Amino acid sequence: MKLDLLRKVISLTLSAGMFLSVPAVLPQLADLPVVSVSQAEAAAKSVNWEFKKDLDGWKYGGKWAYKGKPEVKQSAKFGGSIEANVDYSPVADSTWSEVKLEYGKAAEKPVDLTGANVVSYDFYYRPANMTKGGQFKTKVYAKDTKDAEVINVAPDIDLEKAKDAGDGWKVVPVKIQVPQTKNPLTYFMVSIVGNQTDYKGPLYIGKLSAHYEKLPDGYVNVKQRVKVQQPVDAAKLSIAATAPVVDKDATPKTAATYAFLKAIAATPDVIYGHQNEMNRKVAKNLPGLSDTYDMVRDFSGIVGCDALALTGNELELTDAERAAGETYSAKLARLVLPAAKQGAIVTMSMHMPNFAAVAKRPLVDGKYDYTGYSPNDTSGNVVQRIMPGGDLNKVYTGYLDMVADFLGRMQDADVPVLFRPFHENTGSWFWWGAAYCTPSEFKNLYRYTVEYMRDTKHLHNLLYVYSPGGPVKDAAEYALRYPGDAFIDICGFDMYHRDPAVGDTWFDGFKDTMTAVDSFTKEHDKVGAVTEVGILVGNTGGALAKTGNKRPDWFNEALQAISPHDMAYFMTWSNFNEGNFDEPYMVTAKRGHEMVNQFIDFYNAPQSVFAKELPNLGKLSVKAVPAEAEYGYISAPSSMERILAPLQVRAKAAGTFKDARFTLTKKDGTVAATFPAVKKGEGVCAGWLSDEALASVGRTVGAVNLILDGKTADSVQVLFNMPAPAPDPALVDDFESYYGDGSLLKGAYSTNCGAGCAAEPLLSERRENGEAGLDFHYTINKGGYAGVIKSLKGVNWSDYNAIQFWITPDGKGQKLIIQTNSNGEDFEVDLTELAKKTEPQLVKLPFSLFKGKNGGVFDKSAVQHFAIYCNTIGDAPVDSHIYFDDIQAVK
């Protein structure tokens, strides 16, 4: 789920034997040289700008989300300063309106600030110039002579530290800690950012300086000792002799891995996993192969990687490696295999690019270019187009071939892989999310991918993982997009703890979700897992905070929450750098992140399992058997499809079934028609839905069902004899096309909610026009959110300038957000003030009011979705209703 936490991996053409010849003893951290503070201070460069005569090389450098052009000039005020005349009042609701001050001389002659770790200045403002209050932030941004981004920090300006500067003015000493740079800077910028303020008038910056200071680094001394852990005794586990898995031809070690995971899930023990364990780390100066190893002299028990590494997104090749012919696939394998040899279990996810965008790029050496990061580009109806018969199928299979190359290397080394495609599919931040494909479309895409990897690429070392986003209310909700027992081995979920605070209730919702998944895995005889979990601090998509984490013992808290449930493992995300990490890390042999001692306690806990504690799974004798000896699924029609005329129903089926047929059922489950499913080739059957059958079912929301030997193998909800309204590109929804059927409305919307929260789209008789409106039923708790999303599939709104709708607020005054999406970016308007009222009103929101989460520009020509969200304001839970009607684009 984590929209901006995605990273990658490896390559080298070596034999499996060479891969496995890894030294058993790694270099010790104590051997590291430590640079003293005095050395760093002596080497640091500093520059002071006083602005007594002119701007000293500084100038206006641009703006973002700011209306008009601020005047920037030199002033004699406050002993010499930069004066910026600003007006934030037109964007007073914005949380980020930026005025940039650029050091223009850096472009002419790079400025050398090597070793400087602080940018400081005096910030002067006049409280009388803002009527609604608000705050200010500051941003420091820099690029070096290699055109690399080397500084990008944006802390708050703490107005509580303001002192009187005379004549109604206040001054705040601003000190910004920045990363030390190694090369001179060709671009250096300091910004003043308005945060929900209507400040209008001059601001002043004086005594601007970049220099070195001896600052507290936030790191702590290691006090806890790593204790030798007892390996898991496989003989004491209830390990079955057979493993019912997706691939009946799974390798013995793959079958053993499944049986072991199922057995350990039934105990209090939990395997700890870490994404990009072997190919990304913060402490690059330390000799350990991972940040985990630096702390505890052991690897995580589950080692994660992502297909992004295979395109160079989370993995780099040196010039020497390229010259030697090494590939990303070979390098990733080379990096991962040492942990696998130690006993770790490998898992792989896929943050796949938008294949519609890939298809538009020029080929590179005759192959598709899969580089870059675009899973959050939700345009192009990708799911529908990458299936067999679609125009993007070859683009997709080419990508799977690339992934299969790495997975094949793992198979050659007898390393099973927990393969986790299409994660967080119940959200709508990836192109395979719930807003962009129907349940049956998603299921069939997952099924097709399994069949391609297993039957076409002949990979038999994979266990297939299903991991929707959490929270999950119950087993029925978890089942909505589940591809079926024949295609899934491990049932997991992804769920993150945003801004942990002492006494918050996030773990309650986390436990409830595990209870729901426990129920599902017991019913379906599967392995349960927490496939992603961790901390998110702030609103930038970051992970752990460098300092000031309010729940420092979070890893032990998570362990104690998970241990009573039937979860085989839990995995945290990646350590990329000091600004983006999900696990504590060391910086020297004896110092580390503020949570490092608690992490060592977590390692020492008897329930946590790391790589060294895992048994040799290759020695277990387990035989693979098919998870489902007989199964089938409908490939056409798709769920929620309108069936208005005769058509061919198609399905895939496997096993020794003797009778196959299709049935049509009405909403109440009554069978209205039955017709045979005739074999059309290996594993394929089809039947004809006739005029007579269509007439017999009538006008209803019903289902097409595949029946094998009298049992329902698959069922797809469809709309019989219910014509769609005439297409209107301007219309989001008038709620008149659902024929009064609430289940049909729910099928048109997806939901996205925080832990312990819920959102439900309901048809309502409270409307402004027609027969029905939308009842947005939301339940939120402290720090929570809930939303409903409707896919618009890239509709072109170029002829329109605003979104308009009727709303009847509930008077609860919660944070009400109207959201649109274009080019993979969400754009939002905050209607919290409106949510304090109760009377119906017509609202018109110009597109210019929608602010992008990533600072982008709203593209009217390709609008992907419309969404309504409520976020909690205050501590009390809220269960309420807001009513909408006639949502549309207008001129």
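**View 1. G469 sits in the loop that links β20 (462-466) to α12 (475-478).** This is a predicted model, so to read the views keep in mind that local features need pLDDT of at least 70, side-chain atom pairs count only at pLDDT 80 or more, and totals for chains, interfaces and linings use all residues. Residues are numbered from 1 along each chain as its sequence is written, and side-chain values use heavy atoms, with hydrogens and water left out. Helices (H or I, at least four residues) and strands (E, at least two) are DSSP runs, numbered from the N terminus. At a relative accessible area of 14%, G469 is buried (under 20% relative accessible area; exposed is over 50%, partly exposed in between, using a 1.4 Å probe and protein chains only).

View 2. N425 is 44 residues away along the chain, yet its C-alpha atom is 6.7 Å from that of G469.

**View 3. Helix α14 (residues 554-562) is mostly covered.** Seven of the nine residues in α14 are buried. They are W554, F555, N556, A558, L559, A561 and I562.

**View 4. Six strands make an open, antiparallel sheet.** The order runs β39-β42-β48-β44-β45-β47. At the edges are β39 (750-753) and β47 (851-852), each pairing on one side only; strands pair if DSSP finds at least two bridges between them.

**View 5. Zooming in on β44 (residues 815-822) and β48 (residues 863-871).** These two strands pair in the antiparallel sense over eight bridges. Look for K815, which stands opposite N871 in β48.
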